[in-house]
Amino acid sequence: MNTRDLVLIALFAAIVVVLGLIPPITLGFIPVPITAQSMGVMLAGCIIGAKRGALAFLLFVLLVAIGLPVLSGGRGGLAVLAGPSGGFILGWAVAAFVTGLVAERFVHEGQREIRQFVGFFLASVVGGIVVLYAIGVPWLSAVSGTPLLTAATGSLVFIPGDLLKAAIATLAARAVYAGYPLLPARA
Amino acid sequence: MLTSLYVEGRSWFHRLPVRAKLLALLVLSLALFATQSLYLLAPAFLLCGWLYFSLGLTFRQALARVGFVFFTILVLAAINLFLLPVPEVAALLLRLMALVLFAATVTATTTIGAFMDEITFLLKPFERLGLLRAADVSLALGLVLRFVPDIFARYEAIREAHRARGLPIRPLTIIGPLIILTLKDADTIAAAIDARGFRRQ
């Protein structure tokens, strides 16, 4: 890994920390407030690609584990990882990796704009929602004892918000791709 | 801006080596998940609670650190009440709360430096395989701590720019510029690191 990749990984982890400091947005039609930080997984994969995106999130989870309050709302420490939603946090790196893989596969330079949008949205949904829930929900069920089916049904509340996040991440990722493309120069 | 969750103190738990604390956390989690007995889980919960609340944090501070996780645990326990027998729900509740309290205790009694030393040790096998370098991990961690205040200042500047133009502050119009402006610095920072020979390349 060259120094530039290392710096990109660290800077992206720092961006995710800052996204946690931005106040969450509440929308009338969605029951849960949207934190900018939870878009980080989709953004990381779509903007710096699979490998660097995953490493940025491994670094971020390391910050959580060593006791820095970097999660939105000033949370952090091993207690969060030991709690029921620890699986979602540990799953972020995998989710960012898959997002990156899909984005790298489907988004290329010189494509029509609309195809890039579709590619980024697909990547965000597959990596940031499907893969993340596939790790987080069974984990939550195993740790808290809530039956898997109940946990999965309960998680559906978050899906509309997640789709909105995927849409915002898509627009942001495409803006960055147009302004300063990093995805093609893979690590 | 990023103050660690470490709490200054001289208790015996503070003085334990990190490795012992992390091993204890691992063993405790395995042990707690291996048993269903309330006679074992209730004392474990009380013991972890006593340990955590005797660290010198005020009650309010101590609760604020674990409050969010406890909230999730209690919500899930409330749902479980409808689906599982009561003793089982009690066992699940006590087990998770004990584990979270112990984890919070480890976090509160261990400095970032001590954690980093342990991580460097744990990464040694990977280093020997040539997969990564422990020094790179420390460097990346240092970079994050160094640049968070800068990036936050940039976020505020972009927000002010929105205000000055009378634009609504939306995440979409902020995140794009924030990421581009930040990542554009990568080349300069990388050049500065290489010029100082930090990575001996």
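Helix 7 of chain B is followed by B:Gly166, whose phi is positive, near 70°; helices here are DSSP runs of H or I with at least four residues, strands are runs of E with at least two, and both are numbered from the N terminus. The model is predicted, so that local features need pLDDT of at least 70 and side-chain atom pairs count only at pLDDT 80 or more, while totals for chains, interfaces and linings use all residues. Residues are numbered from 1 along each chain as its sequence is written, and chains are lettered from A and ligands numbered from 1 in the order in which they are written.

**Helix 7 of chain B**

- Helix 7 covers residues 134-164 of chain B, and its 31 residues reach 45 Å from the first C-alpha to the last, where the expected span is 1.5 Å times one less than the number of residues.
- A bend of about 35° occurs in this helix at B:Phe147, with a proline, B:Pro149, following within four residues; the bend is the angle between axes fitted to the seven residues ending at a residue and the seven starting there.
- Among the buried residues of helix 7 of chain B are B:Val137, B:Phe147 and B:Tyr155, a residue being buried if 20 or more other C-beta atoms, placed from the backbone, lie within 10 Å of its own.
- The buried residues of helix 7 of chain B pack against helix 1 and helix 3 of chain A, together with helix 6 (112-128) and helix 8 (171-183) of chain B.

**Where the chains touch**

- The contact takes 51 residues from chain A and 56 residues from chain B, two residues being in contact if their C-beta atoms, placed from the backbone, lie within 7 Å.
- On the side of chain A that touches chain B, helix 1 of chain A supplies the largest share, 13 residues.
- By class, that side of chain A has 37 nonpolar, 12 polar and two charged residues; Ala, Val, Leu, Ile, Met, Phe, Trp, Tyr, Cys and Pro count as nonpolar, Asp, Glu, Lys and Arg as charged, and the others, Gly among them, as polar.

**Chain A as a whole**

- Chain A has eight helices and zero strands, and 60% of its 187 residues count as buried.
- Among contacts in chain A between residues at least 6 apart in sequence, 72% join residues at least 24 apart.

**Domains of chain B**

- Chain B is divided into domain 1 (12-110) and domain 2 (130-195), with bounds that come from an automatic or database domain assignment.
- The centres of these two domains of chain B, taken over C-alpha atoms, are separated by 36 Å.

Note on methods:
Buried ≥ 20, exposed ≤ 12 C-beta atoms within 10 Å, placed from the backbone.
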